[in-house]
Amino acid sequence: MMDRAFQIAREMGYTAVFLCGESETYHGLGFCASWMFGIFHKDDPPRAGWCMAKELIPPGALEGIRGGTIEIV
């Protein structure tokens with residue numbers, strides 16, 4: 001189901017996906033901590049492992065993206 005969602009997101013023109021959750025669950029789906037891309041959750045310490053990102057068009061979809069903090073609602 002997640003792979004299909006990623007496919008649809010790519011078809012819609014999205015290049016990355018962000019989520020908050022258990023890192024052990026999502027690492028297997030290709031997610032890594034968003035801080036590795038220089039993107040941080042606004043309410044957490046800089047290296048929060050539970051705020052994650054996945055490049056849908058790797059490598060480099062998030063290269064050069066530096067936006068400070070994100071708020072996930």
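Tutor: Buried means under 20% relative accessible area, exposed over 50%, and partly exposed in between, with a 1.4 Å probe and protein chains only as cover. By that scale Y26, at 24% relative accessibility, counts as partly exposed.

Student: What kind of model is this, and how are residues numbered?

Tutor: This is a predicted model, in which local features need pLDDT of at least 70 and side-chain atom pairs count only at pLDDT 80 or more, while totals for chains, interfaces and linings use all residues. Residues are numbered from 1 along each chain as its sequence is written, and side-chain values use heavy atoms, with hydrogens and water left out.

Student: How many aromatic pairs does a search of the whole structure find?

Tutor: A pair of aromatic rings is described by the distance of the centres and the angle of the planes. Rings of Phe, Tyr and Trp (its six-membered ring) pair if their centres lie within 6.5 Å; planes under 30 degrees apart are stacked, over 60 edge-to-face, and the rest tilted. The search finds 2 such pairs. F6 and F31 form a tilted one, 5.9 Å centre to centre with 55° between the planes. F6 lies in helix α1 and F31 in the loop between α2 (23–26) and β2, so the pair ties together parts that are 25 residues apart in sequence. Y26 and F31 form an edge-to-face pair, 5.9 Å centre to centre and 80° between the planes.

Student: Are F6 and F31 buried or exposed?

Tutor: F6 is buried at 6% relative accessibility, and F31 is buried at 3%.

Student: What is the strand order in the open sheet?

Tutor: Helices (H or I, at least four residues) and strands (E, at least two) are DSSP runs, numbered from the N terminus. Two strands pair if DSSP finds at least two bridges between them. Here 3 strands form an open sheet in the order β1-β4-β2, with antiparallel pairing. β1 (16–20) and β2 (32–33) stand at the edges with a single partner strand each, so one side of each has no neighbour in the sheet.

Student: How many bridges join β1 to β4?

Tutor: There are 5 bridges between β1 and β4, and 2 join β2 to β4 (residues 51–55). A53 of β4 is the bridge partner of F18 and also of C32, while M52 is the partner of A33.

Student: Which residues of β4 cover each face?

Tutor: C51, A53 and E55 lie on one side and M52 and K54 on the other, and all are buried.
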